[in-house]
Each structure stands twice: as structure tokens, then as C-alpha cells.
Amino acid sequence: MNALQKFLTGLAAGMDIIADCHGLTKRALIDAGCPDPTAARLLALADTYFGPTAFSRLQRESIAAARANEHSLTALLAIERYATRLRNKRQAWALRRELCLSLIHI
């Protein structure tokens with residue numbers, strides 16, 4: 001497997017990547033070799049999908065759907081770009097769940 005294949009394979013497990021980031025600090029990610037902007041995005045996704053929320057059912061369903069559909073890190077970042085545009089948190093979680101349920105592959 002060449003470097004490009006390793007990179008793309010690594011991105012494929014999006015939900016697993018952000019699950020591993022949950023509870024880490026930005027400094028820990030940077031010290032591990034993660035660029036500063038990427039560390040910030042990973043931590044924001046980890047906080048969204050694995051942090052406390054009033055919409056835990058939608059959160060669980062989103063996580064399960066993203067894993068079942070094998071959404072990449074790139075797909076999760078795209079989903080979040082749309083979800084964060086919504087002011088209503090319930091609507092944002094409903095959109096995340098719907099997009100995680102979809103078979104998009106970015």
C-alpha cells in the first residue's frame with residue numbers, strides 16, 4: 001500500500017477518527033503531528049458527536065448511521081458545514097441524522 005492509499009484509507013473511518021479524538025486536547029493532537037486547523041476541526045466534530053447534548057437519541061442515531069454507511073472524515077466535515085448553519089439545535093441534529101443516514105460518499 002502506498003502513501004496515498006494509506007491516507008485515503010485512514011480518512012475512510014471518519015466516525016472512528018473523531019471518536020478517538022474525544023477527550024483529547026488540541027495540544028495533544030498537535031504534539032501527535034496534527035496540523036493546528038485540522039486539530040480544531042477534529043475536536044469540534046468530537047465534541048458534537050460524542051459530547052453532551054439534549055438530543056442524545058439523534059446523536060446516537062447519527063453516529064450509528066455514519067458508521068453503518070462508512071462515512072469518511074470528509075463527509076462528516078461536509079455534514080457539519082450544513083448542520084451548523086441551522087440556528088435551531090433540534091433541526092441541526094435532525095439534519096445530521098438524515099445526512100448520516102444517506103449514502104453520500106465525499
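This is a predicted model: local features need pLDDT of at least 70, side-chain atom pairs count only at pLDDT 80 or more; totals for chains, interfaces and linings use all residues.
Close-up 1. The side chains of Glu-80 and Arg-96 meet in a salt bridge, with 2.7 Å from N to O, and the pair links distant parts of the chain, because Glu-80 belongs to helix α6 and Arg-96 to helix α7, 16 residues apart. Leaving aside neighbours within four places in sequence, Arg-96 is in contact with Thr-48, Tyr-49, Ser-62, Ile-79, Glu-80, Ala-83 and Thr-84. Side chains of opposite charge can pair when their charged atoms come close.

Close-up 2. The structure holds seven salt bridges, and one of them joins the side chains of Asp-16 and Arg-67 at 3.2 Å, N to O. This pair links distant parts of the chain, with Asp-16 in helix α2 and Arg-67 in helix α5, 51 residues apart. Asp-16 is partly exposed, with a relative accessible area of 41%, and Arg-67 is also partly exposed, at 40%. In another salt bridge the side chains of Lys-26 and Asp-36 meet at 2.8 Å, N to O; Lys-26 lies in helix α3 and Asp-36 in helix α4, so this pair ties together parts that are 10 residues apart in sequence. Lys-26 counts as partly exposed at 35% relative accessibility, as does Asp-36 at 40%.

**Close-up 3. The largest nonpolar core and the contacts of Leu-76.** The largest nonpolar core has 21 residues, of which Met-15, Ile-18, Leu-29, Leu-42, Tyr-49, Leu-76 and Cys-100 touch the most other members. At least two residues of this core are supplied by each of α2 (14-21), α4 (36-50), α5 (56-68), α6 (73-83) and α7 (89-101), and the largest share, six residues, comes from α4. Not counting residues up to four places away in sequence, Leu-76 touches Gly-14, Met-15, Ile-18, Leu-45, Tyr-49, Ala-66, His-71 and Cys-100.

**Close-up 4. The buried face of helix α2.** Gly-14, Met-15, Ile-18 and Cys-21 are the buried residues shown in α2. Seen down the axis of α2, the buried residues fall within an arc of 120°, so they line one face of the helix. These buried residues pack against α1, α3, α4, α5 and α6. Following α2 comes Gly-23, whose phi is positive, near 95°.

**Close-up 5. A nonpolar patch on the surface.** Leu-4, Phe-7 and Leu-8 make a nonpolar surface patch of about 330 Å². Among these residues, Phe-7 is found in helix α1, which covers residues 3-12, and Phe-7 is exposed, with a relative accessible area of 52%.

**Close-up 6. Glu-70 in the loop between α5 and α6.** Most residues other than glycine have a negative phi. Glu-70, although not a glycine, has a positive phi of about 55°. The place of this residue is in the loop between α5 and α6, where Glu-70 is exposed, with a relative accessible area of 58%.

**Close-up 7. Ala-28 and Ala-39.** Ala-28 is placed in helix α3, residues 26-31, and counts as partly exposed at 34% relative accessibility. The C-alpha atoms of Ala-28 and Ala-39 are separated by 9.1 Å, while the two residues are 11 residues apart along the chain.

Note on methods. Residues are numbered from 1 along each chain as its sequence is written. Side-chain values use heavy atoms; hydrogens and water are left out. A nonpolar core is a set of buried Ala, Val, Leu, Ile, Met, Phe, Trp, Tyr and Cys residues joined through side-chain atoms within 4.5 Å. Buried means under 20% relative accessible area, exposed over 50%, partly exposed in between (1.4 Å probe, protein chains only). Helices (H or I, at least four residues) and strands (E, at least two) are DSSP runs, numbered from the N terminus. Contact means heavy atoms within 4.5 Å. Patches are made of residues with over 30% relative accessible area and no salt bridge: like charges are joined within 9 Å, nonpolar side chains (Val, Leu, Ile, Met, Phe, Trp, Tyr) within 5 Å. Accessible areas come from the Shrake-Rupley method with a 1.4 Å probe; for residues, only the protein chains shown count as cover. A salt bridge is a side-chain nitrogen of Lys or Arg within 4 Å of a carboxyl oxygen of Asp or Glu. The arc is that of the directions from the helix axis to the C-beta atoms.
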